[in-house]
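Student: I would like a close look at a single part of this model. Please keep the answer connected and stay with the details.

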Amino acid sequence: MDETTQRKISDARTLRAVAHPVRIAILEQVTINGAMTATQLGDRLDETPANCSWHLRKLAEYGFVEEAPGGTGRQRPWQATHLGMTWGDEEGGPLETDFQLAGRAMTEVLVAREVDRLRDSQARAADEPLEWRTATTSSQSMMWLTADELEEANEAVREALMKHFDRHQDPALRPPGSRLCAFMAWGVPTYGIADPTPSSE
């Protein structure tokens with residue numbers, strides 16, 4: 001695995017190939033837990049080994065996973081090739097391209113996955129110690145921003161979320177008592193709520 005960089009995706013076909021709930025779940029497992037076989041993944045994800053094997057081959061075809069050392073036949077372990085991925089529009093590029101549509105589909109899969117994770121966390125909250133119930137939170141707000149300010153705010157959030165990213169691959173950096181926690185954030189313009197501020201021209 002490339003532990004220093006995230007894979008930058010720049011074509012629609014690759015984005016569409018990974019934008020599948022089972023494939024995202026597989027990538028999450030092998031990224032967090034290391035190399036796993038299709039059987040191990042099936043047990044974790046409540047999927048058949050055959051289905052996991054098929055998705056693993058598709059992920060390998062597009063360079064997201066590769067065979068790990070050791071194992072034979074159906075007991076072959078697979079590992080992630082990169083620690084995460086990024087994608088985005090080319091600056092000043094055309095609207096509604098295949099790449100944009102594929103990116104939107106990918107985002108929808110990820111958001112749906114995180115919403116399910118949020119619901120699961122809420123359902124289990126009563127079983128958590130007080131310190132974890134207190135630390136767990138969600139927030140929502142709206143504010144008037146320029147495009148530059150929105151970009152700055154999104155970048156600040158991204159920097160905060162990536163602050164401890166190196167702990168994924170180096171367990172020695174994880175403080176005692178730390179747990180794997182999930183975050184998701186977005187900053188977008190709203191529609192149908194308020195008219196834009198009149199131009200000062």
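At what angle do helix α2 and α4 pack, and how far apart are their axes?

Tutor: The model is a predicted one. In it, helix α2, which covers residues 21–33, packs against α4 at an angle of about 80°, and the two axes lie 10 Å apart. An angle from 65 to 115 degrees counts as roughly perpendicular, and α2 and α4 are therefore roughly perpendicular to each other. On the α2 side the contact is made by V22, R23, I26 and L27, and on the α4 side by C52, W54, H55, L56, K58 and L59. By type, the residues of this contact divide into seven nonpolar, one polar and two charged.

The spacing of such contact residues can be read against helix geometry. An α-helix has 3.6 residues a turn, so residues three or four places apart point the same way. In α2 the residues that meet α4 are V22, R23, I26 and L27.

Consider α2 by itself next. The helix has 13 residues, and the distance from its first C-alpha to its last is 18 Å, close to the 18 Å expected at 1.5 Å a residue. Its buried residues are V22, R23, I24, A25, I26, L27, Q29, V30 and T31. After α2 comes G34, whose phi is positive, near 90°.

C52 counts as buried because its relative accessibility is 0%, and buried means under 20%. Another cysteine, C181, is at 44% relative accessibility and so counts as partly exposed. With a disulfide taken as a pair of cysteine sulfur atoms within 2.5 Å, the count comes to zero.

The phi of D46 is near 60°, a positive value in a residue other than glycine. D46 has a relative accessible area of 72% and is therefore exposed, since exposed means over 50%.

Key. Residues are numbered from 1 along each chain as its sequence is written. This is a predicted model: local features need pLDDT of at least 70, side-chain atom pairs count only at pLDDT 80 or more; totals for chains, interfaces and linings use all residues. Side-chain values use heavy atoms; hydrogens and water are left out. Buried means under 20% relative accessible area, exposed over 50%, partly exposed in between (1.4 Å probe, protein chains only). Axes are lines fitted to C-alpha atoms, for helices over the stretch in contact, and angles run from 0 to 180 degrees between N-to-C directions. Helices (H or I, at least four residues) and strands (E, at least two) are DSSP runs, numbered from the N terminus. Angles under 35 degrees count as roughly parallel, over 145 as roughly antiparallel, 65 to 115 as roughly perpendicular and the rest as oblique. Contact means heavy atoms within 4.5 Å. Ala, Val, Leu, Ile, Met, Phe, Trp, Tyr, Cys and Pro count as nonpolar, Asp, Glu, Lys and Arg as charged, and the others, Gly among them, as polar. The expected span of a helix is 1.5 Å times one less than its number of residues.
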